[in-house]
Amino acid sequence: MTTLHPTIVSVQGVSKRFVMHKDKSIKERLVNAAKPKHADEFWALRDIDIDVEAGSTVGLVGHNGSGKSTLLKVVGGIIQPTTGHVLRRGRMAALLELGAGFHPDLTGRENVYLNAAILGLSRSETERHFDAIIGFSGIEDFIDTQVKFYSSGMYVRLAFSVAVHVDPDLLLVDEVLAVGDEPFQRKCMDKIAEFQSEGRTIILVSHSAEQVGALCDRVVVLHAGEIQHDGDPANGLRILRAGYEADRKQSVVAETEPTAGGVPEYYLRAAETVISNSARDEVTIQLEVEINDPQPSWGVGLSIETSLGMKLYSMTTFESSVALPNTRGRHRLSVVIPDLRLGAGQYLVNVGLGDQAGRTFHRVAGATSFESPRDDVGHGLIRLSPRFQVSEGLHG
Amino acid sequence: MAGSISSERARSLAAQPLEAFGRSEGFVRGTTQSYRAIWAQRGLLSLLVKRELRARYKNSALGILWSLVRPLAQLLIYYFAIGQILGVARSIPNFAIFVFVGLTAWTLFTEIVSSGTSSIISNSGLVKKVYLPREIFPLSSVGSALFSFLVQFVILIGATLVLGQFPWTANLATAVPAFLVILLYGTGLAILLGGLNVYFRDLEHLVEVALVVLFWASPIVYSFSYVHKFLQGGIIEQIYLLNPITLGVLGMQKAFWLSGSRDSTALNWPTDIDLRLWIALAVGIVFVWLCQRVFSRVQGDFAQEL
């Protein structure tokens, strides 16, 4: 097994401390020399251990400032860790910024050679791939134009196509997959899939849960420089979301606490999903709402998404003509969704309580979840029951 | 098919050793590793030099000729202002060649040091986003400075030919250590100051001032005989001669300024200039090594300081 999937990156006990100087110039330092310590420090990474097997696609996710980009840069050797070390093998290409090293005054052609060299290609290798690079970027006509005259789309397309032709064993990607127009993005995604099938290792930082869910077979969730989860993507994204939600709640509480005293006007006590056994396509979502302070109007918003964060459906009661009770106390409410033909897998239900003006009283991401059983025929997001018809003997 | 590609890749990866990255090695032990990394990037280095040269003269009608305009303008100024008006030329035969030799050597040094000092900051986009041995940025400044030096040098040789002053003597051998001394100290300073400039941005301005002072501390527009006459070979003259750039300039003058040895009886360079140059060269090698080691110490935090 070890020869099949050798470790390509081994991060061992890596911590990174940033010291933020407030004064840059010699004058400022001299002036402030008397003061004890004119620098703030914080730990961007704390004791990170990760082994990445060759051929896997790892998503690094986390909030802003959780240290994921720092970790990527440490793996890439751009930042040296304060303690610990990183072991690596094979050829690495880092796509931390598209077109890093492009010189505006040089032509596209000259920049291709330069950028390829920066990413580690020799001149003869670049020459061999040159037509493919230009072909992929789709800007043949402008290749001998200085890149400062390029549109931003052309610029990133050229940069991206250089990067994917570098033939790396390990590709580090930081939020750069969503470039260019839709057909080009599709091309990028196809290229990534091709990379995966060729056994290349990809470590990517992304804020798009959907992208991470679609591409990665392993997700590392970072929180305040520490690993919160390392393993399967669905769980990782759930934890990430729970974290976002906790943060959101905290900030909401912080905002509302002084005035509203912490108890929301409408509060979702409980939520449960029932799949009827007789008709397996009927899903009932039961909600228990506590009304503490009746407002002129209120409603329920509901959305269903896949465990990887792809939104499938959302609705609010404002769109229907249902009359909701509006008196102090607890109320039960059921949302029956007949004929929900979803493919196999875990689905999350997000519930929100709010009014028509857009105010949110209470919102619970992943308030309840349900599992759609395995399909009979085929697989995918929706469940179909195809019938087959064979017409025989056309040329009998 | 894809499966075989991927298992092929896995096999070749398994054959490679896991190498440590980003570990700060000891001050001495990391030397070979650093040099090997730089050597591996020599192709990129030459591309960076070309980029710098090409980008510098793109969209300008005269192009590369501009690299000559500045030294030629300086030559004219010094020739008339100092040579003719102040009368220095009367005691320095072939004053134009004398000044141009000194200027060519000096320009090489200043160009290396001043563009090397700002090299890391001006390439911050790359430093922050791609891992490369960062020494290649100051080294690419050295490369482009060498190119302008070459252009000037060709002009210099051409001028000596036209004026019938081609220095085909044994003194020409002094050019080798003289050139290397200037190159080594320039390179060392470029690497050291380029690295430190990331942390102390004032260095760039300080270097500018220091270069102006150093220009007058070397015998470029006046000859060494003036210095010798004034200091009479005392301890201060020895201090004056400790400056490796002064030695380099003197060595270049000995090699290329034919009149200095043929038509002049004054002491235009110390008699033991060659020995001094070779010593300076040996010290210079250690100096460059030290500068690179300091650089590799400070470069770890570049990405976050820029």
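**Exercise 1.** How many bridges join strand E12 of chain A to strand E15 of chain A, and do the two run parallel or antiparallel?

*Solution.* The model is a predicted one. Strand E12 covers residues 299-306 of chain A and strand E15 covers residues 345-354. Eight bridges join them, and the strands run antiparallel. One of the pairs to check is A:Val300, whose bridge partner in E15(A) is A:Leu353.

**Exercise 2.** Classify A:Ala224 and B:Asn94 as buried, partly exposed or exposed.

*Solution.* Start with the backbone. Phi of A:Ala224 is near 50°, a positive value in a residue other than glycine. A:Ala224 lies in the loop between strands E8 (218-223) and E9 (226-231) of chain A. For B:Asn94, phi is likewise positive, near 50°, and the residue lies in the loop between helices H4 (66-85) and H5 (95-117) of chain B.

Now apply the cut-off: a residue is buried if 20 or more other C-beta atoms lie within 10 Å of its own. A:Ala224 has 15 and is partly exposed. B:Asn94 has 21 and is therefore buried.

**Exercise 3.** Describe the side of chain B that touches chain A.

*Solution.* Contacts link 38 residues of chain B with 46 residues of chain A. Helix H1(B) supplies the largest share of the chain B side, nine residues. By type, the chain B side divides into 18 nonpolar, nine polar and eleven charged residues.

Notes: Residues numbered from 1 in each chain as written. Chains lettered and ligands numbered in written order. Predicted model: local features only at pLDDT ≥ 70, side-chain atom pairs only at ≥ 80, totals over all residues. Contact = placed C-beta atoms within 7 Å. Helix = DSSP H or I, 4+ residues; strand = E, 2+ residues; numbered from the N terminus. Nonpolar A, V, L, I, M, F, W, Y, C, P; charged D, E, K, R; others polar. Pairing = 2+ DSSP bridges. Buried ≥ 20, exposed ≤ 12 C-beta atoms within 10 Å, placed from the backbone.
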